[in-house]
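Student: Please take a close look at the aromatic rings in this model. What do they pair with, and how are they set in the rest of the fold?

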Amino acid sequence: MIEPHAPAPPGAPPSWAGPARLPVRPSTGRFLVLACVFVCAACGLVYELELVALASYLIGDSVTQASVVLSVMVFAMGIGSLAAKGLRRRAAAAFGVLEALLALVGGCSAMALYAVFAWTGDWGGLWASGPRWLLVAFSLAIGLLIGAEVPLLMELIQRIRRQDAGGAVADLFAADYVGALVGGLAFPFLLLPQFGQLTGAMLTGTVNVAAGAALVLGLFRRDLTRRARWLLVCANLAVLGVLATAAVLVDDFERAAREEVYGNDVRVALQTGVQEVVLTGGTHGRPLGLFLDGRLRVSGRDEHRYHEALVHPAMNGPHARVLVLGGGDGLAAREVLRYPGVRRVDIVELDPAVVDLARSDPALSRLNGHVLGDARVHVTTDDAFRRLWTAPPVPSYDVVIADLPDPGITASTKLYSQEFYGLVRRVLAPDGRLVVHAGPVSSRPRAFWTVEATMRAAGFLTTPYRVRGRDSGFAAGPDRTAGASRAPDDWGFVLASQSARPALGLDPREPRPTTLTEESLRAARRAAQATRVSGLVASTLVHPRY
């Protein structure tokens, strides 16, 4: 707790015996301390961002994970600052040990979190929450160590040349905040794209331990006994050895962890600027699987059930011009092009790597019927919301198909907002039809019916329906740690129109789907209605409700 105490009178002696004996001039020494503050602040913010990014990918719901990491870490920083008060008389040695521990914990945190997720995430029971508890533990430990830095650095800079407390705090915090800025920009623009989450964390730990060791052993070495200097050297070398070994083994570790998560049939694994893309199977009779950020997006065993249910009811009517939002795998377009009256299909896909795989991967392109090579298909790589926002408000599409990630994933909530459906209305013909994949009904009925309520609030008349799958198919949950036993076994869709409530049926003059009939669609509508949740309000950009 914070202890009440009387302020020190002017001229009171400091807690240390005298000024530090430095190998450089005091002005140079102050600069080096502030430079170390800058580096440590940059490393500390990288650790925070790395935990947020990895937790959002592994666990899901980025808002919750960011809130947990940042709140726990800030709380721990306050505790760490208080705990460091008792270390001020040995500030140099304490700071050296502190930075070695911080580099070890922060540098290895990403690998440890990924390992727990990969090898224990599907055990069920308490183990299913292992990544969450480890995330809190790392946030707490890193926060404690970062919080303890400031009092010790304040003591060191005052040992060089004593100044008023306000001036010292201003200098220290200026260097700290500028370092945080550099670390915050370096993570998304340098470390993540160039080195990845695991290697980036280890590289940050290496910089961290090097900066701490250089300051203490280079500038304040006379404050340490000979034995303390050797112990600190050995500790820093041990931390560097652990980080270097982990960096050497990181590729083998990632391969083993990926096989544990996806099975031993991984053919393609890409970390794009948008997400992780993994392809499994698709050869020698094995079913193809397309995973986006660890969520099964396409299952070769069952994808035709999903795509037929998504596309064919919406094609019952005029369908010369079709817009597919998402669907970069080409599978929705495959179903659309089964209709001879289609003249143009526009696909808006966020990740160009998915489109490249849909064109070039033999198994995926075979599954989609090589539709991306069809002259009627035009692909744009862009965010669906931005594309509709900047598109001319010309009602030119007969059918709009929203083949988008589940609304429960934080990054997708804007694509299920009232504003988004308002943008869809601008490009949809007056008698056109919109169909939306709205997530699983059985496991998250409230989210499904919130999508339907949001579409109605945007001016659409809706017809919801629910289709069961043989496989878990599209792992719809934002929670990556849910075991297979809790995986959803159905898909919810909402068919909508502006002019009249659309009939859920099939055009008898067009190609017949293999998994749908008029009777099964009537049953699909009844199955959805049986789960209805009333009284829900629309989800908006500023008030998402998924």
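Tutor: A charge counts as sitting over a ring if NZ of Lys or CZ of Arg is within 6 Å of the ring centre and within 35 degrees of the ring normal. R321 lies over the face of Y397 in this way, at 5.1 Å from the ring centre. The model is predicted, so local features need pLDDT of at least 70 and side-chain atom pairs count only at pLDDT 80 or more, while totals for chains, interfaces and linings use all residues. Residues are numbered from 1 along each chain as its sequence is written, and side-chain values use heavy atoms, with hydrogens and water left out.

Ring pairs come next. Rings of Phe, Tyr and Trp (its six-membered ring) pair if their centres lie within 6.5 Å; planes under 30 degrees apart are stacked, over 60 edge-to-face, and the rest tilted. Twelve aromatic pairs turn up in a search of the whole structure. In one of them, Y416 and Y546, the centres are 6.2 Å apart and the planes stand at 75 degrees, so the pair is edge-to-face. This pair links distant parts of the chain, 130 residues apart: Y416 is in the loop between strand 8 (397–403) and helix 12 (418–427), and Y546 is in the segment after helix 14 (518–529). Helices (H or I, at least four residues) and strands (E, at least two) are DSSP runs, numbered from the N terminus. Buried means under 20% relative accessible area, exposed over 50%, and partly exposed in between (1.4 Å probe, protein chains only). Y416 is buried, at 1%, whereas Y546, at 25%, counts as partly exposed.

Y465 and F493 form a stacked pair, with 5.3 Å from centre to centre and 25 degrees between the planes. Y465 belongs to strand 10 (residues 461–468) and F493 to strand 11 (residues 490–497), 28 residues apart. Both Y465 and F493 are buried.

Not counting residues up to four places away in sequence, Y114 touches L54, Y57, L58, L198, F253, A257 and R258, where contact means heavy atoms within 4.5 Å.
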